[in-house]
Amino acid sequence: MTSRTQPARPAAPAAGRHRVLWLSTISFTVMFAVWLMFGILGKPISQEFHLSEVQLSWIIAVAVLNGSLWRLPAGLVTDRFGGRKVMTFMLLATAAAAYLVSRAGSYGTLLALAFLVGFAGNAFTVGIAWNSAWQPRERQGFALGLFGAGNVGASVTKFIGPPLIVGTAGATYLGFAEGGWRLVPVVYAALLLVLAAAIWFGAPRHDRMPGRGTPLRQQLRPLKQLRVWRFSLYYVAVFGAYVALAAWLPGYYMDNFGVSLQTAAYLTAVFIFPASLLRPAGGSISDRFGARRVMYWTFGLMLVTSGILMMPNGHIVIAHADGTQTSHLGYHLGIVPFTVLVFLLGCAMGVGKAAVYKHIPEYFPQSVGSVGGLVGMLGGLGGFFLPPLFAYTKAWFGFPSSTFFVLFLLTAACAVWMHWTVVRMLDRESPELATHIESPAGVPAAPTTPAVRELEEAHA
């Protein structure tokens, strides 16, 4: 197995690393809110431009796409030039794109601007690489989990969006900012400019750049390992699906339960909060029990919840020989049990996201930017493909709960691959026990290596 010994490096001053952690976390939270703002803006935009559900799904999807495409290069650039410069640039670029959204006058323009706004999503790997360079190894799990909790930004628009949209409709502010849904991106643009100034003037000027001077080929070498791609698929399930559902659930609640936009936003926040705020706890749990064991728990809970959520409302009709019909096995999932199940699904995703990223600085301490960038990029691309897939499966099968059928299949694929990998590694380390279901009686236990002990813990 790959060595996970991290070379010693000078400890960063506590004040400096704390500033990096808090400034990057706050900035990422706002960037994440901007990245997923179309989940709430989608309904009023659809009404103004008369968009179909599929057209709206593409606006959401292209934003997620651009928030994923640049994660690998963003991580590499951060390792080479430092997070202070890269994060400041991203905040300024996203502020310009967000403001332009408020001026959009057609579906084509909105589609292009949604793509540009999506650039904000790449802030994740910038912050991961930046914090990994500054935080000591014994605090990396917690620090990366705390930073990753900035995913809670997905709920910011859910809270401020509906009141702003309803309360300012038809008004104009400062002579150029229209009210309604168009005011939300203007507010975000102003916040991003303030944060850019805070990062530039508040973060340590002498930044840490672990990849400076390292050849690009050496930075990319770990990407040849299959383990990296397996982690990426896990991240599609726990993060890509989270991004897709955070944008998709408001419309799902409105269409299937008849609630208002504001109520739908609050109910979606019930999913977003645990899926974001449990990330630091997920890092701590992974430190204590092992990341693989946590992934087993994560996938198990996701399979149970998505398996129930994917069941369509309805009943079975039996036509009898005498021409009569009877109904059996009626099933209907109300809004309360639906919300509880979605909450549990969010809990699993929140813990699982931390467990996936727990592996990266452990296995690849000198390549966090490249490995974390690839895992984040492919996970984010899952968030790009899933919203259109939700829309198309609903059109194909005719029932809305097919959204969770897609998630169930994705989770099952991850769980099967992970378990097959663990069993295969155990077989390779202890081939003499491969055919035994129980421990053979009277056979003394063979000496175990640290690698074997880790695999046994995962298999337990």
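**Entry 1: contacts of F384.** I began with F384, which touches W58, A61, V62, V64 and L65, leaving out residues up to four places away in sequence; contact here means heavy atoms within 4.5 Å. The model is predicted, so I note that local features need pLDDT of at least 70 and side-chain atom pairs count only at pLDDT 80 or more, while totals for chains, interfaces and linings use all residues. Residues are numbered from 1 along each chain as its sequence is written, and side-chain values use heavy atoms, with hydrogens and water left out.

I placed F384 in helix α17, residues 368-397. Helices are DSSP runs of H or I with at least four residues, strands are runs of E with at least two, and both are numbered from the N terminus. F384 counts as buried because its relative accessibility is 10%; buried means under 20% relative accessible area, exposed over 50%, and partly exposed in between, with a 1.4 Å probe and protein chains only. I also checked F384 against V243: they are 141 residues apart along the chain, and their C-alpha atoms are separated by 8.6 Å.

**Entry 2: cysteines.** I searched the whole structure for disulfides and found zero. The criterion was a pair of cysteine sulfur atoms within 2.5 Å. I looked up two cysteines for burial: C347 is buried at 17% relative accessibility, and C414 is buried at 0%.

**Entry 3: salt bridges.** How many salt bridges does the rule give? I count three, taking a side-chain nitrogen of Lys or Arg within 4 Å of a carboxyl oxygen of Asp or Glu.

One of them pairs D255 with K43, with the closest N and O atoms 3.4 Å apart. D255 lies in helix α12 (residues 226-257) and K43 in helix α2 (residues 38-49), so this pair ties together parts 212 residues apart in sequence. Both ends are partly exposed: D255 has a relative accessibility of 42% and K43 has 22%.

R182 forms a salt bridge with E48, and here the closest N and O atoms are 2.7 Å apart. This pair links distant parts of the chain, since R182 is in the loop between β2 (177-178) and α10 (183-202) and E48 is in helix α2, 134 residues apart. I find R182 buried at 9% relative accessibility, whereas E48 is partly exposed at 37%.

R182 also bridges to E178, where the closest N and O atoms are 3.9 Å apart. E178 is partly exposed, at 39%. Through shared partners, E48, E178 and R182 form one network.

**Entry 4: nonpolar patch.** I then turned to the surface, where W58, L389, Y392, W396, F397, F405 and L409 form a nonpolar patch with about 690 Å² of accessible area together. Patch residues have over 30% relative accessible area and no salt bridge; like charges are joined within 9 Å, and nonpolar side chains (Val, Leu, Ile, Met, Phe, Trp, Tyr) within 5 Å. Areas are from the Shrake-Rupley method with a 1.4 Å probe, and for residues only the protein chains shown count as cover.

Which helix gives the patch its largest share? I note α17, with four residues. Helices α17 and α18 (402-429) each supply at least two. I looked up L389 in α17 and found this residue partly exposed, with a relative accessible area of 33%.
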